[in-house]
Amino acid sequence: MNRTFALLSFLLAVIILTVPTDAQRRDYFTDEEIEIVRDSPVIDKRIDALTKMIDRRFSAIGMDAGGWKPKPKDLEVWGDLGELTRSRGIFEIRSIFQKAADDIDDIAGRNEHAIADNKMSGKAFPKAVRAMASACGRYLPLFAKAEAESESPGDRGNLQTSAELCEAIVEAVKKL
C-alpha cells in the first residue's frame with residue numbers, strides 16, 4: 001500500500017513537472033517588455049511604452065487602434081507576442097491598462113516622495129496623463145465595439161474594466 005502510494009505520488013510529480021510551461025512563461029508582458037518597463041522610470045516614457053504594448057495587443061487580435069505599429073526590426077527590442085487568442089489579448093490589454101492606471105495613481109498618491117521628474121507638479125506627470133487620455137480616446141470605441149461583439153462574460157468584464165479605466169483617466173485630465 002505504501003509502495004503504491006509512493007509510486008503514484010512520484011508519477012503525479014513527474015506529470016506535473018513535465019507539463020508545458022508556455023502558458024506560465026509570462027503573465028501579460030513579454031520578457032523584453034518587462035525590461036522596457038524597468039528601463040522607463042520616468043512616468044511619461046513608461047506610459048508611452050505601455051500604450052505601445054496595448055497597441056500591439058489590439059493589432060495582434062485583429063483590431064486597429066490607430067496607434068503605434070511595430071516594424072519587424074522592433075521585434076528585437078519588443079519581443080514576439082506569439083499567437084494571442086482574442087480572449088488572451090483582451091486580458092492582456094486590461095492588465096496593461098491597469099498597470100498604467102496604477103502607475104499614474106501611485107505618483108498622484110505619493111507626490112512628495114516621487115522623484116523630481118515624476119512629481120505631479122513636474123512636466124512628466126501631466127504629459128503622461130494627457131498621453132494616456134489621448135490613447136483612451138482611440139481605445140474607448142474599440143472597447144465598446146469588442147464588448148458588443150463578445151459572447152464571453154470574461155471578455156466583456158475585461159473590456160468593461162478597461163473602458164472604466166479609460167473614463168477615469170479622461171476625467172483625471174480635466175483636473176490637471
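Contact here means heavy atoms within 4.5 Å. The model shown in these views is predicted.

View 1. Leaving aside neighbours within four places in sequence, Thr 30 is in contact with Arg 57, Trp 78, Gly 79, Asp 80 and Leu 81. Thr 30 has 0% relative accessibility and so counts as buried.

**View 2. The aromatic pair of Phe 58 and Phe 143.** By the ring-pair rule, the count comes to seven aromatic pairs. In the pair of Phe 58 and Phe 143, the rings are tilted, with 5.7 Å centre to centre and 40° between the planes. Phe 58 lies in helix α3 (residues 43–60) and Phe 143 in helix α6 (residues 124–149), so this pair ties together parts that are 85 residues apart in sequence. Both Phe 58 and Phe 143 are buried.

**View 3. The aromatic pair of Phe 97 and Phe 143.** This pair is edge-to-face, at 5.7 Å centre to centre and with 65° between the planes. Phe 97 belongs to helix α5 (residues 86–109) and Phe 143 to helix α6; the two residues are 46 residues apart, and their pair links distant parts of the chain. Phe 97 and Phe 143 are both buried.

**View 4. A cluster of aromatic rings.** Ring pairs join Phe 58, Phe 97, Tyr 139 and Phe 143 into this cluster.

Methods
Residues are numbered from 1 along each chain as its sequence is written. This is a predicted model: local features need pLDDT of at least 70, side-chain atom pairs count only at pLDDT 80 or more; totals for chains, interfaces and linings use all residues. Side-chain values use heavy atoms; hydrogens and water are left out. Buried means under 20% relative accessible area, exposed over 50%, partly exposed in between (1.4 Å probe, protein chains only). Rings of Phe, Tyr and Trp (its six-membered ring) pair if their centres lie within 6.5 Å; planes under 30 degrees apart count as stacked, over 60 as edge-to-face and the rest as tilted. Helices (H or I, at least four residues) and strands (E, at least two) are DSSP runs, numbered from the N terminus.
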